[in-house]
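Please look over the model below with the following notes beside it.

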Amino acid sequence: MSQITCKILVVGPSKAGKTTVANFISDISDYPAAEYRATQGVRILEFEKSVVARKRALKIAIQLWDCGGDRKLEGTWPALAKDANCALIVVDAHSDTAAQEADFWFTRFVVGSGMHPVNQCMVFAHAGGKEGDKAPQLRLSKQMGSVRTAYTNLESGAPQIKEQFNQLLATGLGVWLAKRDKEEQALLN
């Protein structure tokens, strides 16, 4: 098995649950923090995972970039996005502006980045820790129409969070591997 490093951005507005989702995915915590503390800049979580992508068994070193949602840091976002393999957009499922927020973050981090929206991007409409709480349907813009959306909740749907993340990881790596293979073929010819 060969080892590959995969950089995944976790972006979205403040208080959407990005850090809670990132902590859960990376097995740091199964519960939301008791008290909200905004992420300042970026927090990088590193862990390993075995994945099958393009019929290859791979051991992946994952860098999960938990990016603070404060828009005053917008000038730093191009540097954060550089060389990212995937983007996970986390929005508050109960916010009236969730779809607009998803569109904003999609425009800033995915559009123009070279990422394939269907395979290298996903939206988590996160319901926080509200057990049994039904989130309203998220209607994404036409620009984001094909981006996958998952409704996440640590209380009632924790396994789905990791399942959806694993799907994003596998499809995102598939795109990246295809691109890398094509570049290697071009060098050989």
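1. This is a predicted model, in which local features need pLDDT of at least 70, side-chain atom pairs count only at pLDDT 80 or more, and totals for chains, interfaces and linings use all residues. Residues are numbered from 1 along each chain as its sequence is written, and side-chain values use heavy atoms, with hydrogens and water left out.

2. The buried residues of helix 1 are Lys18, Thr20, Val21, Ala22, Asn23, Phe24 and Ile25, where buried means under 20% relative accessible area with a 1.4 Å probe, protein chains only. Just after helix 1, Asp27 takes a positive phi of about 65°.

3. The axes of helix 1 and helix 5, lines fitted to C-alpha atoms over the stretch in contact with angles from 0 to 180 degrees between N-to-C directions, come within 10 Å and cross at roughly 80°. Helix 1 is therefore roughly perpendicular to helix 5, a term for angles of 65 to 115 degrees. Val21, Phe24 and Ile25 of helix 1 meet Ala158, Ile161, Lys162 and Phe165 of helix 5, contact meaning heavy atoms within 4.5 Å.

4. Helix 5 (residues 158–188) also gives the largest share of the lining of the second largest pocket, three residues. Among the lining residues are Asp83, Met115, Trp176 and Lys179; a pocket is an open set of points on a 1 Å grid over the protein atoms alone, where a 1.4 Å probe fits, with protein on both sides within 12 Å along at least five of seven lines, and lining residues have an atom within 4 Å of a point.

Methods:
Helix = DSSP H or I, 4+ residues; strand = E, 2+ residues; numbered from the N terminus. Buried < 20%, exposed > 50% of the residue type's maximum accessible area, 1.4 Å probe, protein only. Parallel < 35°, antiparallel > 145°, perpendicular 65-115°, else oblique.
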